[in-house]
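Here are my notebook entries from a sitting with this model.

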Amino acid sequence: MKKLLLSLFVLGLILGLAGCGSSSNVFDFILDESYDGFVTMATSADYAPYEWIVEGTDGKSTVVGVDIEIAKAIAHALNKNLRVIHKGFDFLIEDVRSGKVDFIIAGLTPTPSRAEIIDFSQSYYTEESVTQVVLIHQDNVNLYPTVESLNQAGKRIGAQTGSIQVEFAQLFTPLATHKVVADINELMNNLTNKQIEALFTEGPVAQTRINAGAPFVQLVLDGVDHYQGNAVGVKKGNTALLNTINSVIDDLIASGKIAEWLELYSA
Amino acid sequence: MTLFLNFSFLNNPYSVSLLLQGLGMTLILALLAVCLGSILALIPALMRLSPIKALSIPATAYVEIIRGTPMLVQVLLIYQLLNIPLFLIGGIDMGSFVPGLVALVINSSAYVSEIIRGGILAVDRGQTEASRSLGMTQRQTMQHIILPQAIKNIFPALGNEFVTIIKETSIFMYLGVAELMYQVGILKASSPAVTELYITAGILYLILTYPLSKLMNFIERRLRHADAK
């Protein structure tokens, strides 16, 4: 009896998984039929224009964005196809540390504590290519004309957990209350509903939202001199992969590709 | 907060297919967790009922630890401990599906074991005494007298556990298992209708849980049918 039940469950599992196969957190990109195998990248695809999930041409979900283009370039350099895994930001570093995936591209800022666990490539977005901004609701433009005007007790300022923007929020608005949340889309929603007064984020992220019709206005953040940009994370000691990634990033920056993609995906 | 809700995303076949796929995944996860959890639950339940301390104490500890810690902590801890390499079955990343399912099964087994234990204890002592005095062994008593009556007590509570587990599966979104809230997260990233998405997700969960509790009520009535006379 139990064996029968058990085999039924296993059957159900296989059928169920087959049925759900069209929707998953794994996205394969066959870059070239002649390539053998996949290089895997972990990301948290909720961060337009860098990586987010949209309806593909075949009606299934696919992941797009600047970071995905960079990953494709890295995969080409390795003569492999690209497999992208999407999960919560908090799991990414653990996944690359344990070797489940080969690298992370997820708007990851190199910090000393992260550098103890994984190795970082050189930055692919720097201060020159990516501005830091503060988003406010368009109804409050007159109320908060400058970033300084937000530095008051009782003002609620949002920033994404684990991001460099948390530091900027503490630096520029020390008197305000900081709301640090993992989900950037939740923060955007809070700003729309005026549950927070302002949101520290990156220029392209803000611009993509505004272009999509969000009722926001951006204030540019000046004097952000210790910003290290975003980098690719790889397993500690994987120098061969890191060297390849660094040379790919050099080429992409030199050829202006990254700036081109930023413009394309922000639109 | 606007009062004008806009459910226009329900006209988009892509959004609807994402939500329905998520709903299917939620149901599969809950089914697997409750079924595997129930089988596993027999072990701590019978261990706790045993008069031997060496058996009952570890089982009590197991149940108390699982019941006394949040599901999120359990999932994160098991994900950290179970380092399953990335491999795909039917396009699903088993590296996150398996640790998630294991956590859910363990959690479910602790709750179900208490349900089973309660169900067995609720059977009148006189039943055991009667069957033992008729010369049945302890094993026969359990198998033919106690368990059939206990199932009547266990079944309705098991339905509740199923409903609870359906709701608990929502934490899988962090692991990247494509259940309902994961799909809501995807749609949320590109849609301004966040309130509407949450309402829709809530209704979809209700669509799963409400008929289920009705079905459980029905089965319970059928099982009690014999008692009425």
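Predicted model: local features only at pLDDT ≥ 70, side-chain atom pairs only at ≥ 80, totals over all residues.

**Entry 1, the sheet.** I began with chain A, where 6 strands form an open sheet in the order 1-6-2-7-14-8, with mixed pairing. Strands here are DSSP E runs of at least two residues, helices are H or I runs of at least four, and both are numbered from the N terminus; two strands pair if DSSP finds at least two bridges between them. Strand 1 (26-29) and strand 8 (118-125) of chain A are the edge strands, each pairing on one side only.

Residues are numbered from 1 along each chain as its sequence is written, and chains are lettered from A and ligands numbered from 1 in the order in which they are written.

I looked up strand 2 (residues 38-43) and strand 7 (residues 103-104) of chain A: they run parallel, joined by 2 bridges. M41(A) has F103(A) of strand 7 as its bridge partner. Helix 3 (residues 89-97) of chain A packs on the sheet, touching strands 2, 7, 8 and 14 (230-235), and its direction makes about 40° with that of strand 14. Helix 8 (residues 239-254) of chain A also packs on the sheet, and its direction makes about 5° with that of strand 8. Axes are lines fitted to C-alpha atoms, for helices over the stretch in contact, and angles run from 0 to 180 degrees between N-to-C directions.

Which residues touch the most other members of the largest nonpolar core? I found M41(A), I104(A) and A33(B), among 127 residues. Such a core is a set of buried Ala, Val, Leu, Ile, Met, Phe, Trp, Tyr and Cys residues joined through C-beta atoms within 7 Å, and buried means 20 or more other C-beta atoms within 10 Å of a residue's own, placed from the backbone. Helix 1 of chain B gives the most to this core, 13 residues.

I counted contacts (C-beta atoms, placed from the backbone, within 7 Å): 34 residues of chain B meet 36 of chain A. Helix 1 of chain B supplies the largest share of chain B's side, 11 residues.

Chain B has 8 helices and 2 strands. Buried residues make up 36% of its 229 residues.

How values were computed. Contact = placed C-beta atoms within 7 Å. Buried ≥ 20, exposed ≤ 12 C-beta atoms within 10 Å, placed from the backbone.
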